[in-house]
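User: I would like to learn how to read the features of a protein model step by step. Could we begin with accessibility and then turn to charged pairs?

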Amino acid sequence: MEIKRILFPTDFSEGSDHALPYAIDMARNYNAKLYIVHVIYDIARAVGWHVTHISIDDLYKDIAENAKKEMERYSNDIPKNLSSVEKIILKGTPYSEIIKFAKENTIDIIVMGTHGRRGIDRVLFGSTAERVVRDAPCPVLSVRQPAHHIKNK
């Protein structure tokens, strides 16, 4: 098996934080490039509302600035000897942007955290990880938080 490009999509949640070491270890072991990607959810496209551009542009600017700060937080966890890391912020529907990025960049594996939502939360919010697993052009390693595993026993 040859792994040269690893995609680590993050929403900056605890689930993502827990999955990051897996992505880092894989990148180190395979001497692969690690892409850390955050997708800013495109609210207007998702709900079909018309929002004045000035207010929505300001909102996205603030979200992008916060995303950049969160990306820098990950820099502390990434070893200096990791060969290649690229941090990217995209805008759109998370699962579709992740899949699109994986296809366009010939990603060999996606490593991502899961929330373990159930019931009404799952109905309302869906599962980005589930959709990525279903439609990704490559294998997906979904990393579950230990706390969810313990709660389900």
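Analyst: A residue counts as buried under 20% relative accessible area, as exposed over 50%, and as partly exposed in between. In this predicted model, glutamate 130 has a relative accessible area of 34%, so it is partly exposed. Arginine 134, at 53%, is exposed.

User: Where do arginine 134 and glutamate 130 lie, and how many residues apart are they?

Analyst: Both lie in helix α6, 4 residues apart, which is about one turn of the helix. Side chains of opposite charge can pair when their charged atoms come close. Here the side chains of arginine 134 and glutamate 130 form a salt bridge, with 3.2 Å from N to O.

User: How many salt bridges does the whole structure hold?

Analyst: A search finds 7 salt bridges. One of them joins lysine 33 and glutamate 86 at 2.8 Å, N to O. Lysine 33 belongs to strand β2 (residues 33-41) and glutamate 86 to strand β3 (residues 84-92), so this pair ties together parts that are 53 residues apart in sequence. Both partners are partly exposed: lysine 33 has 24% relative accessibility, and glutamate 86 has 32%.

User: Which elements does the salt bridge between glutamate 72 and lysine 87 tie together?

Analyst: The side chains of glutamate 72 and lysine 87 meet at 3.8 Å, N to O. Glutamate 72 lies in helix α3 and lysine 87 in strand β3, so the pair links parts 15 residues apart in sequence. Glutamate 72 is partly exposed at 49%, and lysine 87 is partly exposed at 32%.

User: Is serine 16 buried or exposed?

Analyst: Serine 16, in helix α1 (residues 14-30), has 4% relative accessibility and therefore counts as buried. Beyond its neighbours within four places in sequence, its contacts include Phe8, Tyr74 and Gly113.

User: How does the chain as a whole read?

Analyst: The chain has 7 helices and 5 strands, running β-α-β-α-α-β-α-β-α-α-β-α from the N terminus. Of its 153 residues, 37% are buried. Among contacts between residues at least 6 apart in sequence, 79% join residues at least 24 apart.

Conventions. Residues are numbered from 1 along each chain as its sequence is written. This is a predicted model: local features need pLDDT of at least 70, side-chain atom pairs count only at pLDDT 80 or more; totals for chains, interfaces and linings use all residues. Side-chain values use heavy atoms; hydrogens and water are left out. Helices (H or I, at least four residues) and strands (E, at least two) are DSSP runs, numbered from the N terminus. Buried means under 20% relative accessible area, exposed over 50%, partly exposed in between (1.4 Å probe, protein chains only). Contact means heavy atoms within 4.5 Å. A salt bridge is a side-chain nitrogen of Lys or Arg within 4 Å of a carboxyl oxygen of Asp or Glu.
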